[in-house]
Amino acid sequence: MHKIRAALFGFGLGGRVFHAPFLAADPRFELKVIVTSDPGRATAARQAYPGAAVVSSAEEALARAADLDLAVISTPPATHAALAGAALEALLHVVVDKPFVVDSAEGARLVELASSRSRVLTVFQNRRWDGDFLTVERLVREGALGRVRRFESRMEFFKPEVAKPWKKSAGPDQGGGILYDLGPHLIDQALRLFGPATLEHAELATARSGGGPDDDAFVVLRHEQGVLSHLAMNFLAPQAGPRFRLTGTEASYTKWGVDPQEASIEAGMLPGDPLYGREPQELWGRLGLDPSAEPVETARGDYGAFYRQLAGAVRSDGTIPVDPEDSLAGLRLIEQAHRLAGG
């Protein structure tokens, strides 16, 4: 059985850190083409992956579709729908970075197109494989907190400067702002833990001087099973709150810190390293009641699991790692939040 030949569209942070290393490390895949129009990124791609052809346009990559099996799209959100559609029309399987698309109607059309072409379409909701989230999933599944009443989830950073030019001015119609950036992660995790939900409250604000898209967001979801999810995102937080805090009838679980996988890859650690995805003991979350809460070892993070599962789906002997309908459910809540908050 031949390797799954992949074209990676985009070599910014997403392509360079979250996709290329895992495609290259998994023997079931071959990173065959990398698409970037940025000369510096093209040079970096050639140095890191000398076996891949580096091309400057999506058209050049899609012209090679007969020699490819998979398109991995890690470009600005406003381009996702068109690129995914073109790749599916070229009979490629498709992975799309979050946010899946900017408009949920476009996403629904892509799901239909993938079905009509008998191709896999999935969304890279990689935060499902964060070690801290895997730990939360286990604790909830095992009933370690009793009945969960409230789920608090935060992604807060202090980033006064906007690194990517398109992010400085892109509005929600282009997938700009923190709610489109981090909301797909937090909402997807909440829905995965506690099932379908309705939007109860939404706040969007721009704190950076000079205006621009939202960089501070807070949404409240009420799940059908009764749990309330409080989800906070902030790019101008001098001090971050706890990453997770779950309140149950018998215990709480509080976890600080950020999953180490991104930082590990940035530092040059490969996915196969024995220390990859492991968190030091001092960052483990605590479970129980004050003052006797006990540390709980954080599960090992594993973004590579996405691609291992994808290989099975492409080869028709497994399920897709993320159902795009899951991502559409989250996207519809983001759209509602923008309407409710006037964003």
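Which glycine takes a positive phi in the hairpin of S9 and S10? I looked there to start, and found glycine 226, with phi near 105° and four residues between the strands.

**Ground rules.** I am working with a predicted model, where local features need pLDDT of at least 70, side-chain atom pairs count only at pLDDT 80 or more, and totals for chains, interfaces and linings use all residues. Residues are numbered from 1 along each chain as its sequence is written, and side-chain values use heavy atoms, with hydrogens and water left out. My helices (H or I, at least four residues) and strands (E, at least two) are DSSP runs, numbered from the N terminus.

**Strand S10.** I went on to the strand at residues 228-234 and asked how many of its residues are buried. I counted seven of seven, taking buried as under 20% relative accessible area, exposed as over 50% and partly exposed as in between (1.4 Å probe, protein chains only). Leu228, His230, Ala232 and Asn234 point one way from S10, while Ser229, Leu231 and Met233 point the other way; all are buried.

**Neighbours of S10.** I call two strands paired if DSSP finds at least two bridges between them. Strand S7 (residues 148-156) runs parallel to S10, with seven bridges joining them. There I noted phenylalanine 151, whose bridge partner in S10 is serine 229. Strand S9 (residues 216-223) is antiparallel to S10 and is also joined to it by seven bridges. On this side, I found arginine 222 opposite leucine 228 of S10.

- I logged another cis bond between aspartate 290 and proline 291, with omega about 0°. Proline 291 belongs to the loop between strand S13 (285-288) and strand S14 (294-296).
- Serine 118 is not a glycine, yet I read a positive phi of about 55°. I place serine 118 in the loop between H5 and strand S6 (121-124). Is serine 118 buried or exposed? I have it as exposed, at 57% relative accessibility.
- Serine 316 also has a positive phi, about 65°, without being a glycine. I find serine 316 in the loop between helix H10 (304-314) and helix H11 (324-341), and its relative accessible area of 67% makes it exposed.
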